[in-house]
Each structure stands twice: as structure tokens, then as C-alpha cells.
Protein chains: 2
Amino acid sequence: MITPRTPSGVLELLPQDQVAFQRMLDAIRAGYERFGFLPIETPVFERSDVLLTKTGGETERQVYFVQSTGALEKANEAAAAARQESGDGEDAAETAYPELALRFDLTVPLARYVAEHEHQLTFPFRRYQMQRVYRGERPQRGRFREFYQCDVDIIGKDQLSVRHDAECPAIIHGIFTDLAIGPFTIQINNRKLLRGFYEDLGITDSEQQAAVLREVDKLDKRGEDYLRTTLTGEGFGLSSEVVEQILTFVQVRSTGHEDALSRLTEVETGSRGSASLTEGIAELREVLTLVRAMGVPETDYRLNFSIARGLDYYTGTVYETVLDDHPEIGSICSGGRYDNLAGQYTKSRLPGVGISIGLSRLFWQLREAGLLEASTGESTVQVLVPQMSEELLDAQLALAAQLRAGGIRTETMLDGGKLGKQLRYADRAGIRFVALLGEQEAADGTVTIKDLRRQDQFTVPRAELVSALRVELAQPLV
Amino acid sequence: MITPRTPSGVLELLPQDQVAFQRMLDAIRAGYERFGFLPIETPVFERSDVLLTKTGGETERQVYFVQSTGALEKANEAAAAARQESGDGEDAAETAYPELALRFDLTVPLARYVAEHEHQLTFPFRRYQMQRVYRGERPQRGRFREFYQCDVDIIGKDQLSVRHDAECPAIIHGIFTDLAIGPFTIQINNRKLLRGFYEDLGITDSEQQAAVLREVDKLDKRGEDYLRTTLTGEGFGLSSEVVEQILTFVQVRSTGHEDALSRLTEVETGSRGSASLTEGIAELREVLTLVRAMGVPETDYRLNFSIARGLDYYTGTVYETVLDDHPEIGSICSGGRYDNLAGQYTKSRLPGVGISIGLSRLFWQLREAGLLEASTGESTVQVLVPQMSEELLDAQLALAAQLRAGGIRTETMLDGGKLGKQLRYADRAGIRFVALLGEQEAADGTVTIKDLRRQDQFTVPRAELVSALRVELAQPLV
């Protein structure tokens, strides 16, 4: 007998948690579709030569390769033959990569998809994609080797106006309002503004800029003094004055729409004329204005000049979203604008903007923080029809069929047992309503509905059953 | 530059097809949930030792193994070292399997899941699971290496009454009615009845029974004469009389509920007393009776004594579903009853019954047969809000926000252009409604709705916009 074990580093859920997870997936999908995005799905594996064009370093080391038994055997044989020929085990160990590899994000598959199907797509191409991705990370708490990403992107051909950058905060706002996991703030910044700011300070080399940004990123953990010492020290050699300007700048957080616009004016006024800074500010102004026009309340977004996003990938607007009451969770939805999606696959210039929600990690964090209790425990099943007696089995099945035909998710007990036990089952399973059809009800043409949450019950004529239950189901439990 | 290429043997869809595919997935999920099934999802890979306990032969040869770059390098080094030690390339080529492998169905992961979480689950455990599975098959038209399976199973602990076998046809009936891909028939048989029938004929050895069943399966392709020659010939040596009895039996198809019950009585009367046959008939009677009690119309199910299902796995009721107008597609939903789900992982006896829809293949076949045209081409996007002028941009965005807040899936044009071009875009994209907010409408506080399908338009006050559109959307296009 083999011990049944889940592979390490995956998030496998029990049914009630899976129901809560599925509700979140559904809310995200509804949020993306509400803004007119179309779904795509790509295969879990890509050709290794296609997947690994752009990467290197950490990502490549974390890729999972895939090969069928036949391919595995062939590779082993080929390697053995090569070794016998060369007589040198060390050299021969460097065999070619297998043909296929699991995707490690949804961006590279999107780039491949758009480039491959370019002539069959309409641009701007608005797609969402919610699938699992794979990274061979060392397993640790809250780090997964398999996890969901829920991405949405708008891809232009040749050009894409900055107006589209304003849609992302509006999408985020809709989804996190629906998810109801507490107040949140969408933080907005712009890479051009950042670049221009550092250029103005004389830090013009992009590698030096990146090094400074990496240090600035440690501000929350290490504090201001660490930054002062490091940035004025060897390797950076910045003046104290410049470091103070950096410290002031990265701590800017706007407190409302008008304040955000004033902050931009302030930076512009203080600028030494960097074109990049001017462009970044103009973009941010337009984005902020349209975000407000799209109906996002000004309490829910703000400028945060410290946001840079780790990837070199982003070139304009960048976003991070935080839960106001749980900043320790970090960004729950991030993204930004990029210049060219698929330069490795096509000569067409495909600028885009998008955001991503890492749902597996978010779900795990919310559960750890105790923020999911309200949503878990409630079954997808809305009504249980218990078995009252063998004689009434046919009537019971007809009742369940009536409920289902009325669009009500219904489980019926086929093995019977004591009624009390069946009610306890419904309660434990998180099924709110029980529809009782005993001898009395059968004779009267009625059904008795027990509401296990409200600990209440009422009897209705069969003909009114579905509409009565719909009314109950539509009323939120306060 | 790398050519962007999808790996061979996968079904990657363009957005409009993906919308149609997603609608089918949603209908299947709704169908499973309507009967009170809970969702589970398992990781795409399982530990190889867990996945490959039961299999062998064809399945094992088709398994995809997974390993991270690090594991791949280590395995290569270990193999090289082993070879240097043994000095024999041939022997060393037989390295152990990698640690992980992609699932090739959802049944083995279900068995592992139920055995692993046995003490946290309630039995009967009613779960559905809709995920992709992987088989390293030789690629050919309509055969995929990656495809969706949509499974539903009821798992009992120690026992599970045959009543649950009646739920499967009711579920199938609900789903294929909703999918609206044409009339279908759920064909029902029972492995015990089959076993008993052959026992009565003196074919008691299970391997011989399996060999006869394999030949009988060729009836449609090879015809009666082939069967007569083969079964009376060397290797089988059955008498002509026995072969005629087999031919008559396997061609039984009931034509209604009462006819099905009479066919069972007929077989019972002709029996030479096989206990297995008697049991199979009693089970079929109960299943048929409850299927009717669950409201499945008698035109939509029938007995078919030729159904055996290839797998040795099934032990009682078996199902296959065919499209009446497209029998060439074969079974679109199959399954059955099995005695013990997870004998390789746990000592608990876990009998179950379930069905599976192979959606990727079904979708491909329906598309090939031209049966999807009605459902494809209609976007998830319900309304397009074009850009009428730069001056009205804010009003346009507020209109889109109003529609979205009303639950209407809305795309808005941010880059503008000529109105005619924007309307043509909506039409080509399958977006039915366009909401026009020009200067006149802005002044009047109205919106003009164009229905591109009905080629109709009307103007409504802004306050009535959402309810008016909801009424339109709720009316089916005839």
C-alpha cells in the first residue's frame, strides 16, 4: 500500500475552502468581464525554446521541464551513448533541455499567444487569463510551487494610449470591493517619473538607478539611517543632500485627488527639466483624472512615489494594492505599463498595460489572517431534501427535481437515516435550508422549509416553494 | 527571433471560441452544483510513486514526468556517476522515474485525495472536478495531449446504495439539456447483468468473457458475420446457438420506460439462474425507476445491453450518452459504478459511482460537425460605449461606470476614431448593444441604445438605462 501524499509546495483545499476559493475566482472573473475583457487559456506547457528566450538566472533555474516516458527513455539512452563515446561522464552530463516546460507566469504565454495569433486578433486586445503557474521554488510557508495567477492585460498594436492605464485601477477597485476583504488602497506611480527624478539628481546611469531603487526598497525594513549610511557610503557616494531629497521623495503618499495633483505640480516645479520626469507627470495626471472619471472614490487610490516594481519590464504607470488593515500582507494586486510585449517573437511593436492577482498566495494569507471566516463554511448547496420515509421516496425525488428546475442547488439524501442526523449533516455542511416533505405535507400539498441559520421554519404550498425560497436566498443574512 | 509556436497536441482557442468553451464549462459546473456536488481541485502533478501504483502498459508509457532544472541536473550527474562506476552504459540507462508526473485522469487524483483527507470528509462524498489532464499520445486530429475532463462522483464509505446510480442519468440529462447541442440518449447497462448473462452461456472465465466482449465491441464496424466466424472459430469455439444468443442480447435497445422493464423481465425469465444476472437486473430496475422519479423523460434514456465500457474498473451500472443526430461522435459522457476507489492507498472500502465529460474532445467534435455556430460569435461583452468626442470623454466613462455598476458587461473605447468604425468593431466582435452618448443625449440626459442584432435603436432617460437593457438582455433572440 502506498501512502497517499500531496506533492510539497501546493495548496490543496478541502471542499469548503475550495468553495470559498472558487467564489473568489468567480468574483475576479466577473470583475474582468464587467470591463469587457475576453478569456483565453493557454496550455500548461510551452516548448522550452519558446518559453526560455527571455529569461535567465533565477527564473530559468526554477523552471519545471516535462517529458513523456518515451522521451525520457530516449534521452537516457542518448546520454549513455554520448558518454560511452566521449568516455567522460562530466561533460556528457550537460544534456539539452527537454522539449517542453511548465509556464512560470502568464506573461510569456500571452506574448507567445498574441504573436502567434496576431493576425486573427483585434487590437487593442483585451484579454484575461486565470490559470495556474509553476515554479520549482524551495518549499516554505506561503510559498507555492503551483499557484493561480489572475491576469488582465490590454495590448495595443504600435501604440496604446495612456488612457488604458486608467482602466486598471477601476478594475481593481471593482474586484476588491466585491471580494469584501476589507478597505484597500490602490497605489499608483510612474517609472518615467522615477527615472526623471533620479536623472535630475545626476543619477543617470540605469544600472546605478536600479541599485539605488533596490536600496530604497529596503526603507521599511532597515530604516532611514541605514539608507543614509549606504547611499552616502562607498559604491554609491551620493551627497547627503541628494539622499535627503530621495528620502523625502519616496515617502510621498497623496491623501486625496486634489492632493495627488498638487504633489505632481510640486515635483514638476522642483524639477531640473528632465524630459522623462515631465512625461511621467503628464501621464500620472491623465491617469488620475480618468480614474476619478471612472468613478473610483478618491479614498481608494493614491500616489506612492516609492512603488517601482521589481521587474525591469515596466516602463510607465505602475500599480500596487494594499489592504489598509493588513499592510503586512504586501501588495495583493500589482502591474503596470510595458513598451513591448513580444519582441522576442514578432517584429510588431505591442505595448500593453496589465495587472495580476496571485490568488493562491492571497487566499492563503487571508486564511492565515483569519479574514476568510465569513465566507467559508457556506456550502454551494442551498437546500437539502432529507429522506422522511421509504414510502415518500418518489415524492422526495420529485421535490428535489422541482427545486433544481427552479435553479436552486439541491442535495437529496438517498440513504435516509434519522431526521435529526440528516439535519445535523446539513448544518455541519453549511447548507442553509432544509425542505421537509413528511406525510402531513404530502397530504396537504405543502413543504416545510427550515432555515438552519435563522433557526426558523415556515410551510408553503408546493406551487409557491421555488419563489418563496428565491426570496429567502436573495435576502442577505445580517 | 523565436517562432511563437503552440506545442503539438493541444487545443488552444481564439477568444470567441474560448467564450463558447467557457460557457460549456459553466453549464457543466452549474449542472453538477445543482445536484449538490462540491468542487475540488488537485495539483496538476502528483508524486510519481503515488500516481503510478495501479497503472502499467499503455497509461504508464503515456505519462509526462516533471522535474525542475535543479532536479534534472542532479539526475544527469547521478546517472553519469553510476555509469562511470559500472562502466556499462546500457544498464545505467534505466534510471529511476523523476519525482513528479502530470495526472493522466482525475480518478487517480480523486482516489489519492479521498484517501489522504478521508477523516476530514463527509461520506457519501459528492465532488465534482473540472481540470485538464495529460497524456503523451502520438498527436493526431481530435486526439489531445492536454484536455479537460469534467468529472462528478459520489463516494461512499463501506457502502453506497444503488440509488446513487440513478443520480448520474439525471445529472447528464440536466447538463445536456442546458448545453442545447441536440437530442441525446443516455444508455444504461449493468456489468453484473453482463457477467451473469455470459455465465449462463457457460462462459464463466473472466478472461474469456473479456475476450468475447472485445469481439462484440467490433459488431458495428465488422458486422454480424465477422462475429459469427470469430466466435465459433478457433480460440473461442462457441456453438452457433450461443453466438446467436449473444447477437440477439447485445442488440437489445429499449424504446421507453415500460419496454425497458419488460426487456429485463424477459432476460430474467430466460436465465439459467445466475446470481450475478439476477442482481444486475434488480439494480437496473431500481435505477430505471428512480431515474423516472427524478423527472428524466423516458425518451431520453434506454437500456443498451452492448454497453460494457472498456475499463475493468466498473462493476455495476454503466452509462454512455450519444447525440441522436450524431452517433458518429460516440459517447459524449460515460461512467459507471465501481467497487473500491482507493484500494492502493487505504484499507477503507470506498465504493463509488460517477461520470465524466471529456470537454476538449467534445468541443472539438461539435465544432468540426458545425454544431457550435449558434453559440460562438457572441461576445461576453454586452454593451460597447463608443467614444463620441474628446469633450464627452468624462461623460462616456461615467456612462460605462453606470452600466457596470448595474451588472452589465461593458467595454468602452478609449482611443476613439470614426463612429462607423467603432460600430463595425462591435459587430465583428459579437457585441450586441452599443450605448451612444452624443451631444444631444448629453443635453437631454438620455442614452441611445443600438441593438446590432435586431438592427433597431431606441432612446431612454439615463435613470432607466440599466433596467431597459436588462429587459432587452433577458429576452432571447429568436
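Predicted model: local features only at pLDDT ≥ 70, side-chain atom pairs only at ≥ 80, totals over all residues.

Modeller: Between chain A and chain B the count is 12 salt bridges. A:R163 turns up again in the buried area (the accessible area, with a 1.4 Å probe, that two parts lose on being put together, summed over both): with A:E41 and A:L414, A:R163 supplies 7% of what chain A buries against chain B, more than any other three residues. That area is about 9,400 Å², and carbon and sulfur atoms give 58% of it.

In terms of contact (heavy atoms within 4.5 Å), 105 residues of chain A touch 106 residues of chain B. The copies meet through the same surface, because 100% of the interface residues of chain A are also interface residues in chain B. Superposed by least squares on C-alpha atoms of residues with pLDDT of at least 70 in both, chain A can be laid on chain B with an RMSD of 0.1 Å by a turn of 180 degrees and a shift of 0.0 Å along the axis. That is the relation of a two-fold axis, and in chain A the C-alpha nearest this axis, 2.3 Å from it, belongs to A:V66.

A note on reading all this: residues are numbered from 1 along each chain as its sequence is written, and chains are lettered from A in the order in which they are written. Local features need pLDDT of at least 70, side-chain atom pairs count only at pLDDT 80 or more, totals for chains, interfaces and linings use all residues, and side-chain values use heavy atoms, leaving out hydrogens and water.

Note on methods: Salt bridge = Lys/Arg side-chain N within 4 Å of Asp/Glu carboxyl O.
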